[in-house]
Amino acid sequence: MARGEHRGRFVVIVGPDGAGKTTLAAAVADRAPNGSAYFHFLPRQLLPSPPTDPGPPPPKKAPDRRLLGWLRLARNWFRASNTYRTTLRPALEQGSLVVADRWVYGYVGQPGALRFSGPEWLARLAIRLLPRPDLVVNLAGPAEVLVTRKPELTVAQAEAEMTRWLRLPVPHLVTLDATLPPDELADRAWEALAWR
């Protein structure tokens with residue numbers, strides 16, 4: 001569908017934990033004239049209920065973490081592709097704003113959180129094969145400030161995450177100062193989106 005006045009916009013917000021992604025997502029969504037939707041893509045494992053009397057566990061060979069990471073990436077790529085086709089695209093065609101927290105970009109920015117230990121080139125390839133958002137807003141700021149919001153992070157971890165987010169393989173990446181007030185950040189995100 002050609003981009004026109006009735007087409008919505010797809011915005012992804014990324015950045016390290018503590019940067020204010022959820023707060024910014026709410027502030028951006030509040031500005032949407034034709035309705036908005038939000039989702040946080042952090043896949044959850046669906047596990048069967050444990051048996052009532054499992055008995056002693058059989059000896060297990062440790063799973064190959066790399067293989068499991070690749071399988072998770074493949075599964076979640078299919079989920080993201082299907083979600084885009086069945087849910088996001090219809091919402092965009094109705095003129096809605098769709099805001100996502102990280103989406104599949106976590107495979108590059110925060111691979112440990114998604115238990116992905118495969119090569120970064122594979123994650124980047126998977127990302128390139130999915131529909132691209134209209135804008136990716138990267139929140140960055142002084143690592144010392146971010147760790148006060150998320151004390152489980154170290155300064156080195158926050159800095160490493162910010163570096164990975166800056167290298168995200170997307171054409172429409174705008175980096176904003178996470179220390180700004182949410183309304184000002186939302187204004188800047190809307191300004192950036194107006195040029196797309």
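## A tour from cavity to sheet to pocket

Begin with the residues around the largest cavity, whose lining comprises 8 nonpolar, no polar and 2 charged residues. In this classification Ala, Val, Leu, Ile, Met, Phe, Trp, Tyr, Cys and Pro are nonpolar, Asp, Glu, Lys and Arg are charged, and the others, Gly among them, are polar.

The model is predicted, so that local features need pLDDT of at least 70 and side-chain atom pairs count only at pLDDT 80 or more, while totals for chains, interfaces and linings use all residues. Residues are numbered from 1 along each chain as its sequence is written, and side-chain values rest on heavy atoms, with hydrogens and water left out.

**Stop 1: the cavity.** Select Tyr-105, Ile-127, Arg-128, Leu-130, Pro-131, Arg-132, Pro-133, Pro-169, Val-170 and Pro-171, which line the largest cavity. Its volume is about 40 Å³, and a search of the whole structure finds 2 cavities of 30 Å³ or more. On a 1 Å grid over the protein atoms alone, a cavity is a set of points where a 1.4 Å probe fits but cannot get out, whereas a pocket is an open set with protein on both sides within 12 Å along at least five of seven lines; lining residues have an atom within 4 Å of a point. Grid points are joined across faces, edges and corners, and a volume is the space filled by probe spheres set on the points.

**Stop 2: the whole chain.** Switch to a cartoon view, in which the protein chain shows 7 helices and 5 strands, arranged along the sequence as β-α-β-α-β-α-α-β-α-α-β-α. Helices (H or I, at least four residues) and strands (E, at least two) are DSSP runs, numbered from the N terminus. Of the 196 residues in the protein chain, 44% are buried, where buried means under 20% relative accessible area, exposed over 50%, and partly exposed in between (1.4 Å probe, protein chains only).

**Stop 3: the sheet.** Colour the strands next, and follow the open sheet of 5 strands in the order β2-β3-β1-β4-β5, with parallel pairing. Its edge strands are β2 (36–40) and β5 (173–177), each of which pairs on one side only. Two strands pair if DSSP finds at least two bridges between them.

Now select β1 (residues 9–14), which pairs in the parallel sense with β3 (residues 97–101) over 5 bridges and with β4, also in the parallel sense, over 4 bridges. Val-12 has Ala-100 as its bridge partner in β3 and Val-136 as its bridge partner in β4. Ile-13 stands opposite Asp-101 in β3 and has Val-137 as its bridge partner in β4. Further along, 5 bridges join β4 to β5, and Leu-139 is partnered there with Leu-176 of β5.

Display the side chains of these two strands. Because 6 of the 6 residues of β1 are buried, this strand is largely enclosed by the rest of the structure: Arg-9, Val-11 and Ile-13 lie on one side and Phe-10, Val-12 and Val-14 on the other. In β4, likewise, Leu-135, Val-137 and Leu-139 point one way and Val-136, Asn-138 and Ala-140 the other way, all of them buried.

**Stop 4: the nonpolar core.** A nonpolar core is a set of buried Ala, Val, Leu, Ile, Met, Phe, Trp, Tyr and Cys residues joined through side-chain atoms within 4.5 Å. Select Ile-13, Leu-24, Val-137 and Leu-139, which touch the most other members among the 29 residues of the largest core. The elements that each supply at least two residues of this core include α1 (21–29), α5 (143–149) and α6 (155–166), but the largest share, 5 residues, comes from α7.

**Stop 5: two arginines in loops.** Select Arg-102, in the loop between β3 and α3 (106–109), where a positive phi of about 70 degrees occurs although the residue is not a glycine. Arg-102 counts as buried, at 9% relative accessibility. Arg-115, in the loop between α3 and α4 (120–128), also has a positive phi, near 55 degrees, but is partly exposed, with a relative accessible area of 45%.

**Stop 6: the largest pocket.** Finish with the largest pocket, in which about 180 Å³ of space lies. Of its 13 lining residues, select Arg-7, Gly-8, Arg-9, Pro-33 and Trp-190, the closest to its centre. Helix α7 (residues 182–194) gives the largest share of the lining, 3 residues, and by class the lining has 6 nonpolar, 4 polar and 3 charged residues.
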